[in-house]
Amino acid sequence: MSAVGQDTQAAGGQHPRVAARGPAAGRVVTRSRRSALWAGLAAVVAIAILGYLPYLVFSDTTGLMVQFFQLLIMASMWNLLAGYAGLVSVGHQAFIGLGAYFVVLLAMHGLSPFTAIPIATAAAGVVGLPVWWLVSRLRSGYFAITMWVIASVCMLIIIQISSLGSGTGIALSGLTQSPTLLAADTYWATLAVAVLAIAGIYALLRSRLGLALTAIRDDEAGAKSIGGRVGSVQRLVFLVTALGCGAAGALYAISQQFIVPTAAFDVSFTAEMIFITIIGGIGTIEGPIIGTIVFFILQQTLSADGTWYWIVLGLVAIAVAIWAPRGIWGLVSEKFGIRLFPVGYYVWPAGEQPRRLLARSARP
Amino acid sequence: MTWVNAVIQGVMLGGLYALFACGLSLMFGVMKVINLAHGDLAMVAAYIALGVVTITHVPAIWSFVLVVPIFAALGYVLQRTLLQASLNRGVITTLLVTFGLSVVIENALQQFLSANSRELNIGSLVSDSFSIGSQITIAYLDLIILVVAVAVLLGLQYFLSSSRSGRMIRAVADDREAAQLAGIDYRHVFGIATAIAFGTVALAGLAYGMYTQFDPTTGTTALLLYAFEAVVIGGLGSLWGTLAGGILLGVAQQVGAQYHAADQVLAGQLLFLIILVLRPQGITSRRELA
């Protein structure tokens, strides 16, 4: 994965070690380039337009967007876990299903489903703690498949609880709004969680922890040897993804209004997260966003035939994983040198300083 | 007495699980990757057997004569092409590629062969049985599968410890670089190990197809997890541990089913989690491959 680790490289091909000596010789270290500023502005405008969308279009369109944002949340979480912390899970549908059932449970006790979202999210995170204790000692393949077993155990336990509808499923109560308002509320809630999720991941990766995470992504043993606290960083990331997938599951329950254990704990959720992340570009924030867009177009064109859709998606993901491991965003970012969510540093050689308006100097 | 019967049925079922698990264990031991398409490959073998029976009209129980060599060849080719290419990229890529393969296989089976349940028709053998006392009945088929599983494990043990290829496999599993220095082409050795693993998974798929009904989703919803659980319970790298793990898993499932029909799968998975907490190295802790 060494090819991905370009965030800390110098702009203009300068050797990064030169910059480590400090701000000498007129070099300037910045976190952003112009593309990031435009990306930030575009994001604000996009969120504003997206937020206004329910006033412009019918609820079938916002319904599609709800699906889109749910996929985006899940894929971003999986990307954080696999792309940065190096943990491949095939069992994160466990947290999706739990989030969904927590919302149903809270609604049964009279809480509004929308108020229940943060509580269900926190509950999924709490469940993540013992799960992490169980799986943290396992490596790669063992970790992946044990997570799958845990998801299966969660499902089998819920199937036995008759007050939660057993295996036949249960309807979500407490949604009293008119259909139009309900569709808009669901859309706004999903948009809010998606924006929070991506902003949260971005903030996490720009913090000190982000540096450790990027180091783990590039070389886990190396990160450990220079004193990166790999274990505790991985635990934090695992819990964040448990929260994120729990929130996605809560939104899933609200948008479906009826949930069945076999669907809420379906491994297809994780298959979608994996394929989106690989195709979009693993180990970048932009990757899952691009991947979800591609995925959604594929879904809309091939949706008439579910099996073909999965066959095509699986084959493309296999090909990308082997022959273009940085995904679509990796190719774009390499070719044009743009990064919409800069989490690394740029070193500007003397005489080639960035414009102050656009980039704040990290070390004056 | 019904509990004794449950345990005996569990031991019988354990043979089937051990047959599934040994291929997974071998591939992990040699290449250090878990093949997430393992269960689906078993289903492919069962479907190929259906085709072989339809075309050649041989009795289903003899279909392995054709299917196992086909699968071994398929395993070698797949390892030398797709799997080696992903191994070159690293462990994570290999996991993702085998997962992708699993999804593709499952959906291709559904697309081309329909989602209907099938079974390999072995005539009256499926119900023939003998009794011990008044309560315990043992089906001949179950006994045959258990015997085949033990025979396969014995054969693997002998192959790995005594044959030239077996020694090469163990050498590569222990230390790939050192084996390469000694002149071994590790990619060829990986191919041989995968061919053997595919042969055993084909056998397991056929046994499952005779034992009960299957459909394209059986591979992921049941078989992969059972095989993995048997490997972990038994302890990695020990073929006899795999048999013990398979049997323990089978017994847990049958005893669970005796308690409550819905608890069959859950009981096995809880046993797996308990072993994982208390004894993550498995019940047999030897760390050699064979």
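**Exercise 1.** In this predicted model, find how much area chain B and chain A bury between them, and what share of it lies on carbon and sulfur atoms.

*Solution.* Step 1: the two chains, B and A, bury about 3,600 Å² between them. Step 2: carbon and sulfur atoms carry 81% of that area. Step 3: for the residues in the contact, chain B gives 42 and chain A gives 40.

**Exercise 2.** State how many salt bridges and how many residue pairs in polar contact the rules find across the interface of chain B and chain A.

*Solution.* Step 1: the count of salt bridges between chain B and chain A is zero. Step 2: five residue pairs are in polar contact across this interface, with both residues at pLDDT 80 or more.

**Exercise 3.** Describe the side of chain B that touches chain A by helix and by residue class.

*Solution.* Step 1: in chain B, α3 (64-89), α4 (91-113), α9 (218-234) and α11 (264-278) each supply at least two residues of this side. Step 2: α4(B) has the largest share, with 16 residues. Step 3: sorted by class, the side of chain B that touches chain A holds 31 nonpolar, eight polar and three charged residues.

**Exercise 4.** Decide how helices α12 and α15 of chain A are oriented to each other, and name the residues that meet.

*Solution.* Step 1: α12 (residues 267-280) and α15 (residues 327-336) of chain A pack at about 15 degrees, their axes 3 Å apart. Step 2: angles under 35 degrees count as roughly parallel, so α12(A) is roughly parallel to α15(A). Step 3: A:I278, A:I279 and A:G280 of α12(A) meet A:G327, A:I328, A:W329 and A:G330 of α15(A). Step 4: the residues of this contact are four nonpolar, three polar and no charged.

How values were computed:
Residues are numbered from 1 along each chain as its sequence is written. Chains are lettered from A and ligands numbered from 1 in the order in which they are written. This is a predicted model: local features need pLDDT of at least 70, side-chain atom pairs count only at pLDDT 80 or more; totals for chains, interfaces and linings use all residues. Side-chain values use heavy atoms; hydrogens and water are left out. Contact means heavy atoms within 4.5 Å. Buried area is the accessible area (1.4 Å probe) that two parts lose on being put together, summed over both. A salt bridge is a side-chain nitrogen of Lys or Arg within 4 Å of a carboxyl oxygen of Asp or Glu. A polar contact is a pair of N or O atoms within 3.5 Å; within protein, one must be able to donate a hydrogen and the other to accept it, and residues adjacent in sequence count only if both atoms are side-chain atoms. Helices (H or I, at least four residues) and strands (E, at least two) are DSSP runs, numbered from the N terminus. Ala, Val, Leu, Ile, Met, Phe, Trp, Tyr, Cys and Pro count as nonpolar, Asp, Glu, Lys and Arg as charged, and the others, Gly among them, as polar. Axes are lines fitted to C-alpha atoms, for helices over the stretch in contact, and angles run from 0 to 180 degrees between N-to-C directions. Angles under 35 degrees count as roughly parallel, over 145 as roughly antiparallel, 65 to 115 as roughly perpendicular and the rest as oblique.
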